[in-house]
Amino acid sequence: MKRLALILCLTVVISCSKSDNTNNCNFLFNTNVDLTVNTNLPQFNQLNFTGSSVYVAGYGNGGIWLHRLNSSTLYAWDASDPNHEPVSCSTLGSLDGEVVTCGCVDENRYSLSTGYEYAEEITQPCTLKPYRVEDIGNNTFLVTGN
């Protein structure tokens, strides 16, 4: 019986291996976000229109991109490239329709409609970091997360 237990333990230990292909999607810090967005205000008025986006600095790792997907859905994404350490070039700043681009040499591009890399072939392991958006009425939304 002891021999069987020893064989089982050795089998488990030998079967476990360390993978060198670990995808590190932990570049971004878990920052507390508490943002109230009122689309009646001039700075957020664009969000009344489907497909529009607004950048808000000072929240999250590199700001927050707000994106109006349709009449009932508003997304909030961290504006820092999740496939980079947070540095000055990793803020997703260039907006082309629904696509934001990283300012670093690799120029990673992400869709604000999906959070995924915007490319014919997905090469980056991490998606945009989402924040929770709650409709609290009167064209007002609460964006929270950590």
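The model is predicted: local features need pLDDT of at least 70, side-chain atom pairs count only at pLDDT 80 or more, and totals for chains, interfaces and linings use all residues. Residues are numbered from 1 along each chain as its sequence is written, and side-chain values use heavy atoms, with hydrogens and water left out.

The disulfides come first. A disulfide is a covalent bond between the sulfur atoms of two cysteines; here a pair of cysteine sulfur atoms within 2.5 Å is counted as one. The count by this rule is two. C25 is joined to C126, with an S to S distance of 2.1 Å. The torsion about the S-S bond of C25 and C126 is about -100°, so this disulfide is left-handed. C25 lies in the loop between α1 (2-15) and β1, and C126 in the loop between β7 and β8, so the bond ties together parts that are 101 residues apart in sequence. Helices (H or I, at least four residues) and strands (E, at least two) are DSSP runs, numbered from the N terminus. For accessibility, buried means under 20% relative accessible area, exposed means over 50%, and partly exposed is in between (1.4 Å probe, protein chains only). C25 is partly exposed at 40% relative accessibility, whereas C126 is buried at 3%.

The other disulfide is formed by C89 and C104, whose sulfur atoms are 2.0 Å apart. With a torsion of about 80° about the S-S bond of C89 and C104, the disulfide is right-handed. C89 lies in the loop between β4 and β5 and C104 in the loop between β6 and β7, so this pair ties together parts that are 15 residues apart in sequence. C89 is partly exposed at 26% relative accessibility, and C104 is buried at 8%. With the bonded cysteines of the protein numbered in sequence order, the pairing is 1-4, 2-3. C102 is in no disulfide; the nearest cysteine sulfur to it, that of C104, is 3.6 Å away. At 2% relative accessibility, C102 is buried.

C104 lies in the loop between β6 and β7, and these strands belong to an open sheet of three strands in the order β5-β6-β7, with antiparallel pairing. Two strands pair if DSSP finds at least two bridges between them. β5 (92-96) and β7 (109-111) stand at the edges with a single partner strand each, so one side of each is left without a neighbour in the sheet. Strand β6 (residues 99-102) is joined to β7 by three bridges, and V99 stands opposite S111 in β7. T101 is also found in strand β6 and is buried at 18% relative accessibility. Leaving aside its neighbours within four places in sequence, T101 is in contact (heavy atoms within 4.5 Å) with T91, L92, G93, S94, E107, N108 and R109.

A nonpolar core is a set of buried Ala, Val, Leu, Ile, Met, Phe, Trp, Tyr and Cys residues joined through side-chain atoms within 4.5 Å. The largest one has 14 residues, of which L35, V37, F44, L47, I64, L66 and V143 touch the most other members. β1 (33-38), β2, β3, β4 (73-78) and β9 each supply at least two residues of this core, and β1 gives the most, with three. A second, separate core of 10 residues includes W77, L92, V100 and C104.

Aromatic rings of Phe, Tyr and Trp (its six-membered ring) pair if their centres lie within 6.5 Å; planes under 30 degrees apart count as stacked, over 60 as edge-to-face and the rest as tilted. There are two aromatic pairs by this rule. Y55 and W65 form a tilted pair, 5.4 Å centre to centre with 55° between the planes. Y55 lies in strand β2 (residues 53-56) and W65 in strand β3 (residues 64-70), so the pair ties together parts that are 10 residues apart in sequence. Y55 is partly exposed at 35% relative accessibility, while W65 is buried at 4%. Y75 and W77 also form a tilted pair, at 5.5 Å and 50°. Y75 is partly exposed at 28% relative accessibility, and W77 is buried at 7%.

Two loop residues remain. E107, in the loop between β6 and β7, has a phi near 50°, a positive value in a residue other than glycine. E107 is exposed at 51% relative accessibility. N138, in the loop between β8 (130-137) and β9 (140-145), has a positive phi near 55° and is exposed at 70%.
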